[in-house]
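Colleague: I would like to learn how to read aromatic pairs, a nonpolar core and the surroundings of a ligand. Could we go through them one at a time?

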Amino acid sequence: MKSSLTVSLVEEARGGPFVLWESLPTAIAKTARLGFDAIEIFPPSPDAIREVPLKQLLADHGLALAAVGTGAGWVKHRLSLADPDPAVRTRAVDFVRSIIDVAAELGASAIIGSMQGRSGNGVSREASRDHLIDSLGRCARAAAEQTPLLYEPLNRYETDQACTLADGAALLGQLESGLPVRLLADLFHMGIEETDVAAAIRAHGDSIGHVHFVDSNRRPVGCGHTDFGPIVRALREVGYQGYLSAEAFPYPDSDAAAAQTIRAHQYWVGASA
Ligand code: LER
Ligand code: MN
């Protein structure tokens, strides 16, 4: 299992659960210096990634791109894949597709988390679910020739589309078969919603494509009360070989959170695992 650190380039997301908040060149140099395998980027738009020589920067520092988030589509542009207005949904799909393309150029997947939307404002749960499934299909077809899409169940305060891995797997089961969408297991959301985090990982291990590595209080691993022993054992049991990507608050600050995360990764996974 490989190590990864998140960096946010979205000013509107300040206060959110991202470890680094600096320019991409600085974040990449810092992440590499600490010994991480990869970086996960939360950009305001694909242009924010294209305007730096990302491929070269990553190569220079021996770092991979773990994934690219699409949440700015919601946080910054108020776009949702479940919006009742078909024109807004199309703009949301276009935004996700633009992130899929820029991520795929570096072999990485795009993440659909906050963009999945939720019911409310006169939209029923069933309608918002139907809109999301239709939009996800359109995004996944764009990803089909490139890299799998990552769909992230979120806790109940952020969505009512899918809050557990089982809900997420059921939702993806409604897509046309063969589309490349995998589940993102965020250990913070799972700590709120799952009955047993390790059991959920064992039950859906085949579908997990990415992990957000974070403690119970969304602080870096080791700063909360999650018991990582059973979780790491379950990930090993299901043969998970992807990223444990730290999507956590910069607690007590970015540098300390990054250092704590790489120590925790080495403790739980081992430097060479
Ligand atoms: C949101 O809570 C989250 O976990 C992000 O990964 C979604 O974009
Ligand atoms: Mn997450």
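This is a predicted model: local features need pLDDT of at least 70, side-chain atom pairs count only at pLDDT 80 or more; totals for chains, interfaces and linings use all residues.

Colleague: How many aromatic pairs does the structure hold, and what describes a pair of rings?

Modeller: A pair of aromatic rings is described by how far apart the centres are and by the angle of the planes. The structure holds five aromatic pairs. In the pair formed by Phe 213 and Phe 228, the ring centres are 5.7 Å apart and the planes stand at 70°, so the pair is edge-to-face, given that angles over 60 degrees count as such.

Colleague: Which parts does this pair tie together, and are the two residues buried or exposed?

Modeller: Phe 213 belongs to the loop between strand 7 (208-212) and helix 10 (228-237), while Phe 228 lies in helix 10, so the pair ties together parts that are 15 residues apart in sequence. Phe 213 is buried, with a relative accessible area of 2%, and Phe 228 is buried with a relative accessible area of 2%.

Colleague: What lies over the face of Trp 74, and what over that of Tyr 251?

Modeller: Arg 78 lies over the face of Trp 74, at 4.4 Å from the ring centre, and Arg 219 lies over the face of Tyr 251, at 3.6 Å from the ring centre.

Colleague: How many residues has the largest nonpolar core, and which have the most contacts inside it?

Modeller: In soluble globular proteins, nonpolar side chains tend to be buried together. Here the largest nonpolar core has 84 residues, and Tyr 151 and Leu 187 are those with the most contacts inside it. Helix 5 (residues 86-104) gives the most to this core, with nine residues. Beyond its neighbours within four places in sequence, Leu 187 is in contact with several residues, including Val 197, Ile 201, Phe 213 and Phe 228.

Colleague: Which residues surround ligand 1?

Modeller: Ligand 1 is surrounded by Gly 113, Ser 114, Glu 152, Leu 154, Glu 158, Asp 186, His 189, His 212, Arg 218 and Glu 247. An oxygen atom of the ligand is 2.6 Å from an N or O atom in the side chain of Glu 158, and an oxygen atom of ligand 1 is 3.1 Å from such an atom in the side chain of Asp 186. A polar side-chain atom of Arg 218 lies 2.9 Å from an oxygen atom of ligand 1.

Key: Residues are numbered from 1 along each chain as its sequence is written. Chains are lettered from A and ligands numbered from 1 in the order in which they are written. Side-chain values use heavy atoms; hydrogens and water are left out. Rings of Phe, Tyr and Trp (its six-membered ring) pair if their centres lie within 6.5 Å; planes under 30 degrees apart count as stacked, over 60 as edge-to-face and the rest as tilted. Helices (H or I, at least four residues) and strands (E, at least two) are DSSP runs, numbered from the N terminus. Buried means under 20% relative accessible area, exposed over 50%, partly exposed in between (1.4 Å probe, protein chains only). A charge sits over a ring if NZ of Lys or CZ of Arg is within 6 Å of the ring centre and within 35 degrees of the ring normal. A nonpolar core is a set of buried Ala, Val, Leu, Ile, Met, Phe, Trp, Tyr and Cys residues joined through side-chain atoms within 4.5 Å. Contact means heavy atoms within 4.5 Å. A residue is near a molecule or strand if one of its heavy atoms lies within 4 Å of it. A polar contact is a pair of N or O atoms within 3.5 Å; within protein, one must be able to donate a hydrogen and the other to accept it, and residues adjacent in sequence count only if both atoms are side-chain atoms.
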